[in-house]
Amino acid sequence: MLIRLRPYIKRQTLLTITNLLKSVRDTLFSLLPTMNADKSATETPADPPPFDPTQPAIPISYPIITLEDLESRSYFDSFHYPFNKSSVALRSNGGLLPERPRMLVCHDMAGGYTNDDKWVQGGANEGAYAIWHWYLMDVFVYFSHSLVTLPPPCWTNTAHKHGVKVLGTFITEWDEGRVTANKLLSSKESAQMYAERLTELAVALGFDGWLLNMEVNLDVGRIPILKEFVRHLTQTMHSLVPGALVIWYDSITVNGDLNWQNQLNDSNKPFFDICDGIFINYSWLKDYPKQSATVAGNRKFDVYMGIDVFGRNTYGGGQWTTNVALDVIKKDDVSAAIFAPGWVYETKQPPNFQTAQNRWWGLVEKSWGIIQHYPNAFPFYSNPFEDPEFLMYFPLGHGYHISFDGVKVSDAPWNNVSCQSFQFWLDNSDHSLALNSMYVAHVSFKEASYNGGGNITFRGTLEGTAYFTTRLFQAELLLRNLPVHFIYSVKSDGSSLVGLSLDFASATKEKLSVLLASRGNALLTMNQFSSKFSDVIMPHRVTKLETVPGWIIQESSITMNGYLLTGIHAVCYKSKPESRSLHQDNSLAQAPTNYYAVLGHITIETSQENLDFPPPTSWLVEDHYVKWTSASEGSKTLSVKITWKLKSEIASPFTSYNLYVEKEANKADDKPGGLLEATQEYLGVARVETFYVSDLVVPSGTSSLKFKIQVCGLDGTCQKLDDSPFLRLPVNTQ
């Protein structure tokens, strides 16, 4: 009932109702007679065993529930801990937030740790919730109502890739929360110790800070210790995590009262003064952002005015009018905090999630504008094993199949937010001559993909020499005196071509537009586009993939020393003039023709040297927690944890590994040495140097299993499977 009424209940009322229901529940349970211990187990289904984090199981993300577990550091003894480390460093300007109004997004999706995002190695729900509008935010908070909410690594990896900071949540609420808070604040030493435990967790798991929500009443005598907790957490985080953030939630006041102020004022400013910002409760009035900016002084951008997307007593009503509040916040020059954008998914907004999600975030973009630009730095990476590059695929973190280099390796539906690539902006409004189609450009999950499980599909009709353009990326990339190489994959009907147009700006504000044309007749291409672009460059290499019919890889290079790359667009056109028809006035016109093409990926790099992968002998690959179980018809199931690391003890520069297994069967035991026949199966992707295989079916007659760890570089290339590190595990015959 409370879930259904969630959009309409004020926070104060919800607190009262919840505490009342808990009291009634406890009273009823105390009156129930003790169950007869002699009752058969078949009469009352047995409860599932309690979660034991120390035992091998499919890796999950989970919160810390009690102060005792936080103090004891038991999380680090968990089987799941190594899987929950994020592997992608924050891509940003020294970790500092920009001096402008910022956007914080607090996910609050169905209470957190759903059946989709808690599975560290990914799940099987092709319709799982995801966020892909990272270019509209600066900070992402993972929220649940547990004491210590640790962000699942999938969110941290993807947010960091897009330059977005990630915070966990520390919350005390309800009656239990007050007991917890009193213990936490029993002494200055206790407060400092728990603050250090939280810092240790953030450092170990690779996220950037904490949202503090002390939603309880406290004796005023504990407020100085609470302030020490906030101060010490902020100081320790800053000392160990560059650009760390500790954000205070507008709840308890300096008088110890749980009294949401809905603005920055004297009752909550003392907490604001000792941390990095304040998340204002969402029941503010129109003039509160301006008043809060005045109180904050030169820290006005550290004030994040809350907006509840469910619309619970929030200014502007949230939901499809969330932009009303955003407009006021932007006008008054403070920051915004959007709470629960998962409303679109939870309430099943029509017509479907992807369309509704894009529409809702479109309101945010129209009000707030794009705040993250990428590519925005070059080179992005540099170490002995990597080329400086910028890679773009088009999966949103879920799909119906998985492909690598155009080869489909799995037909199974999947979800894994960690597999999101740099996200793009499909803007069908920036063309001069458009496709005559309602669906001109869209993200497709069911059609063939080059890498991952998605692509951009262009479909419609073109008239004559018309062409269609759509913005993919709004960049901020300063080029040097080096050639920049663009490599991208296309699959089409043959005559439908895809090029890339690049927008440049010089130091003197001169603007240029360069077309990286598709394959085809150079003279015809020049005649068609030379008057429309500052320059037209034909590809210097076009490769047709023999093993994957249909996919073509196109490569072009450009040098624009001192120019700023500001935009990347797809350009769709036909390869040759089509047949002409006669108008009523006897003039000739080219008839509309069908257009169909798929854009699989884009890579931008400053070096075209091949990536050198360490040979398989450079890796130490080990098995742990091997468990064989007999199944039907002589088959078995296997569960095993596999780990790998470079023998040199140098930290691996790679952050993505594809896992495969070959089930090797002895075909001819009577022949010398035997003859092995192997079938290969894709298992999944790992973002850390460990992977858990759970209940793998091993058919009867299988002699051994060969697990291959395919190492992948940041430029999208992967080591050949035959050259990859591996682990061979004999099948237990007993």
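The side chains of Asp308 and Arg312 form a salt bridge with an N to O distance of 2.4 Å, a salt bridge being a side-chain nitrogen of Lys or Arg within 4 Å of a carboxyl oxygen of Asp or Glu. Both Asp308 and Arg312 are buried, where buried denotes under 20% relative accessible area, exposed over 50%, and partly exposed in between (1.4 Å probe, protein chains only). The structure is a predicted model, in which local features need pLDDT of at least 70 and side-chain atom pairs count only at pLDDT 80 or more, while totals for chains, interfaces and linings use all residues. Residues are numbered from 1 along each chain as its sequence is written, and side-chain values use heavy atoms, with hydrogens and water left out.

A second salt bridge pairs Glu365 with Arg471, whose closest N and O atoms are 3.5 Å apart. Because Glu365 lies in helix H11 (residues 353–368) and Arg471 in strand E17 (residues 468–478), this pair ties together parts that are 106 residues apart in sequence. Helices (H or I, at least four residues) and strands (E, at least two) are DSSP runs, numbered from the N terminus. Glu365 is partly exposed, at 22% relative accessible area, whereas Arg471 is buried, at 13%. Salt bridges with shared partners also join Glu99, Arg102, Arg299 and Asp302 into one network.

Across the whole structure, 18 salt bridges are found. Among them is that of Arg178 with Asp219, the closest N and O atoms being 3.8 Å apart. Arg178 belongs to helix H4 (residues 174–184) and Asp219 to the loop between strand E5 (209–215) and helix H6 (223–240), so parts 41 residues apart in sequence are tied together. Arg178 is partly exposed, with a relative accessible area of 36%, and Asp219 is likewise partly exposed, at 47%.
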